[in-house]
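Here are my notes for you. Keep the model open and follow the points in order.

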Amino acid sequence: MKEIITKNTERNFKSISSFKEILKGQLAGITLILIIMFVLLSLLTSTFLTSTNIFNILRAFSWIAISAYGECLVVITGGIDLSVGSVMAFSGLITAMIMNAGITVPVAVLAGVISGSLIGFFNGILVTKAKLPPFIATLGSLLIFRGLCSGLTGGWPVRDFPKVFSYLGQYDIPLFGIGIPVPLIFVVFLGIAMFFFLTHTIWGYRIFAVGGNETAAYLSGINTDRTKIMAYVICSTLTAIGGILMTSRLGVASPTAASGYELDVIAAAVVGGTSLAGGEGNILGVFIGAAIMQILRTGLVLVGVTAYWLQAIQGLIIIIAITLDQLRKKRI
Amino acid sequence: MRNLKKECLLKVEGVSKSFPGVQALSNVNFHLYSGEIVCLVGENGAGKTTLMKILSGAYKKDSGHIFVNGKEVEIENPHHAQKLGISIIYQEFNLTRNQSVAANIYSGREPIQKGIGKYFGFVDRKLMEENSQKLLERVSSKISPKSIVGKLSVAEQQTVEIVKALAVEAKIVIMDEPTATLGEKEVLTLFDTINSLKKQGIGIIFISHRLEEVFKISERIVVMRDGQLIGELKTSQATVEKVIQMMVGRSLTDFLHKIPAEIKDTVLEVRNLNRKGKVKNVNFILRSGEILGIAGLVGSGRSEIVRLLFGVDSKDDGEIFMGGKKLNIKSPKDAVRVGLAFVPEDRAFQGLVLKLSVVENIIMATLKSFSSFGWINKRKIKKISEKFVSRLSIRTPYLHQKVLHLSGGNQQKVVLAKWLISNPRVLIMDEPTRGIDIGAKSEIYALMNELAKNGVGIIMISSELPEVLGMSDRIMVVHEGEISAVLDRNEASQKLIMSYASGQGKEVV
């Protein structure tokens with residue numbers, strides 16, 4: 001017995017994201033799903049495993065993944081952010097409108113990002129100070145900022161951006177003989193940053209504590225309101241970055257852009273193992289979750305499923321993934 | 001209807017159950033006759049709850065046999081248990097608070113109207129209320145079937161639970177710590193109810209930590225320890241000492257030691273603390289090295305006083321001084337900063353994040369001091385956790401075990417460790433030993449002695465009078481939000497405390 005104790009206390013302090021533990025559990029499951037999908041699609045189609053296709057997938061999933069990192073934080077605190085789709089469109093639009101007013105690109109991009117942060121702050125205040133349920137608060141924001149997009153543009157898309165701006169979403173950086181899309185670099189760097197933020201900083205720790213048991217966290221001297229506000233701010237800020245990348249990629253800021261993306265973002269977070277009950281989640285899982293959702297979308301089209309059937313199958317996959325996870329938890 | 005011949009309602013033979021890493025029950029034999037009240041006692045983790053959960057279908061046994069009315073059964077699920085006539089009343093009631101008493105009693109089995117209403121599934125409210133009334137009368141309760149459950153007192157809600165069991169014609173009623181949340185008078189009413197069930201031939205299994213009650217109500221006492229049935233005694237032949245010895249394998253005097261510490265300067269002074277409807281004009285001081293006990297009935301405002309101190313609720317009025325300096329505490333965060341620490345009464349809901357690990361809980365209040373620029377120094381955290389895990393002998397297989405999987409006593413020690421790291425000047429403890437086994441209790445008492453010796457001022461709220469009397473230097477008795485007496489260790493007695501706590505004052509004694 002004594003031997004067991006000493007051996008085990010020697011383990012390092014690992015947070016929820018301990019690599020080994022994750023591989024044993026939920027992450028192993030979704031990684032397996034990802035690999036199976038990958039292998040199947042490579043065998044079934046000749047077009048799937050081409051670098052063009054792979055990079056198309058990576059590019060298309062990048063804004064969903066970036067936003068889902070943020071969504072993951074909010075969901076861990078026990079909340080939910082439904083406004084991400086609107087934030088993507090709104091921040092892209094703000095950037096576009098400022099650029100078209102003749103102001104330099106960096107300033108416009110920064111303004112777009114900050115507009116996102118402010119929306120997050122607004123959501124956070126509604127949830128913590130006005131004590132609205134997160135679902136209601138962010139549902140309100142979803143409508144408000146979608147409405148502002150149409151209102152500001154009169155419903156017309158904004159286009160004709162400076163050339164520099166299009167690099168963000170369209171340029172491929174040549175590396176080892178292949179072109180790496182810029183958005184993918186954002187996905188990877190922000191992913192790594194968020195991973196360490198969640199597992200190695202006091203702020204990440206507080207997010208888990210608040211989501212795990214808000215009362216206990218509060219009674220331990222944690223400023224629970226501030227922690228939640230921070231989660232919403234980070235979520236909307238990341239989402240705004242995603243929205244700007246998307247706008248650059250598409251070359252147009254449409255007031256209806258990213259409609260319904262909140263569901264893709266939430267799905268990516270949840271398939272990636274973020275528990276809607278709060279207190280559980282990890283960034284690597286979210287990354288894989290977002291990849292699964294995108295490969296599904298592209299892959300189904302490649303195997304010849306018409307776009308009309310897509311949503312039904314997506315929904316089914318989400319339900320299967322979560323059900324499997326519930327079964328796994330029960331077994332333990 | 002009344003069958004005076006005693007029949008064996010329930011027989012448990014050689015039942016075992018294990019969970020990963022724990023043998024929760026091994027080879028337990030147990031029986032219950034009709035019209036009998038059996039008390040099941042044992043420390044936390046002794047296996048009482050596991051046994052009850054097997055009987056009520058929440059867990060499945062690994063091996064052994066269960067006979068109900070002489071027939072062997074496999075209890076599949078709670079619904080099945082109910083069909084077999086086994087009802088269990090948990091500490092947390094299974095009542096819907098916003099519905100009427102009658103609706104709760106008939107929850108899931110509502111009678112449907114005759115006539116045309118039948119086709120719409122309309123509930124026959126009248127019949128439901130009439131029947132509920134009859135059942136309530138069977139336990140001589142005066143509760144109206146029409147009252148809303150949320151508006152009833154805890155004791156009344158419990159009666160509703162009992163009547164629910166009657167409504168499904170339970171033959172075996174299991175009560176898990178039914179008196180834990182009741183006042184003295186309410187306990188007597190509960191006992192009347194239990195006795196009336198007994199007269200109707202129902203067999204009752206009563207689980208309690210309060211031994212005095214066990215002696216009052218039961219005919220037979222069954223003692224469990226470490227998942228085994230240690231033995232059973234006829235209540236008429238048992239003594240408290242004997243039962244405790246069977247429970248812990250040790251005797252009473254072994255675990256409550258007060259080592260008087262040197263009492264020095266005042267560390268905390270509270271003047272004229274008020275919160276409307278809860279706390280009235282509370283004044284007291286706490287000195288370094290002193291243990292100040294707060295006694296009073298549940299709901300008397302004991303917890304509210306310390307919640308005001310710690311900034312959980314906001315005070316209407318009043319001043320708090322620490323070391324002569326006036327404090328401005330608006331939230332627990334402020335309180336922690338000035339050196340207060342608070343062990344709340346409910347570990348699971350207020351003290352711990354059950355999903356997080358031992359380490360993550362231990363560092364919750366002091367995280368900032370183990371980080372630089374927000375980056376957590378995991379080596380430091382590991383080191384300090386190891387130190388406190390061994391200092392408080394927290395029994396956990398490894399530091400990253402989720403606290404969810406620890407026993408109650410070890411969970412409580414994690415809460416204590418969290419606050420000890422913060423090096424508090426004043427430690428507030430609300431029911432520090434509730435629901436934990438005697439071994440862990442004695443470790444917590446020893447720790448309190450040690451802290452007092454190091455000059456920490458301790459405020460301890462407790463419902464267990466022997467604990468208050470044993471550990472405190474002074475005892476403050478609270479009645480309806482006011483301090484009704486401050487007693488010195490030497491003059492205090494259970495009787496005196498109870499008379500002040502119930503607002504009778506000294507004359508009555």
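1. Two strands pair if DSSP finds at least two bridges between them. Helices (H or I, at least four residues) and strands (E, at least two) are DSSP runs, numbered from the N terminus. In chain B, six bridges join strand E11 (residues 266-275) to E12(B), and the two run antiparallel.

2. A word on the source. This is a predicted model: local features need pLDDT of at least 70, side-chain atom pairs count only at pLDDT 80 or more, and totals for chains, interfaces and linings use all residues. Residues are numbered from 1 along each chain as its sequence is written, while chains are lettered from A and ligands numbered from 1 in the order in which they are written.

3. Now the sheet in chain B. It is open, has four strands in the order E12-E11-E14-E15, and pairs antiparallel. Strand E12 (279-287) and strand E15 (325-327) of chain B stand at the edges; each has a single partner strand, so one side of each lacks a neighbour in the sheet. On average, neighbouring strands of this sheet are turned by 20° against each other, direction ignored (axes are lines fitted to C-alpha atoms).

4. Turn to Val303(A). Where is Val303(A) found? In the loop between helix H14 (283-302) and helix H15 (310-331) of chain A. Val303(A) is exposed (12 or fewer other C-beta atoms within 10 Å, placed from the backbone), because its count is 12.

5. Leaving aside neighbours within four places in sequence, Val303(A) is in contact (C-beta atoms, placed from the backbone, within 7 Å) with Leu44(A) and Thr45(A).

Note on methods:
A residue is buried if 20 or more other C-beta atoms lie within 10 Å of its own, exposed if 12 or fewer, and partly exposed in between; C-beta atoms are placed from the backbone. Two residues are in contact if their C-beta atoms, placed from the backbone, lie within 7 Å. Axes are lines fitted to C-alpha atoms, for helices over the stretch in contact, and angles run from 0 to 180 degrees between N-to-C directions.
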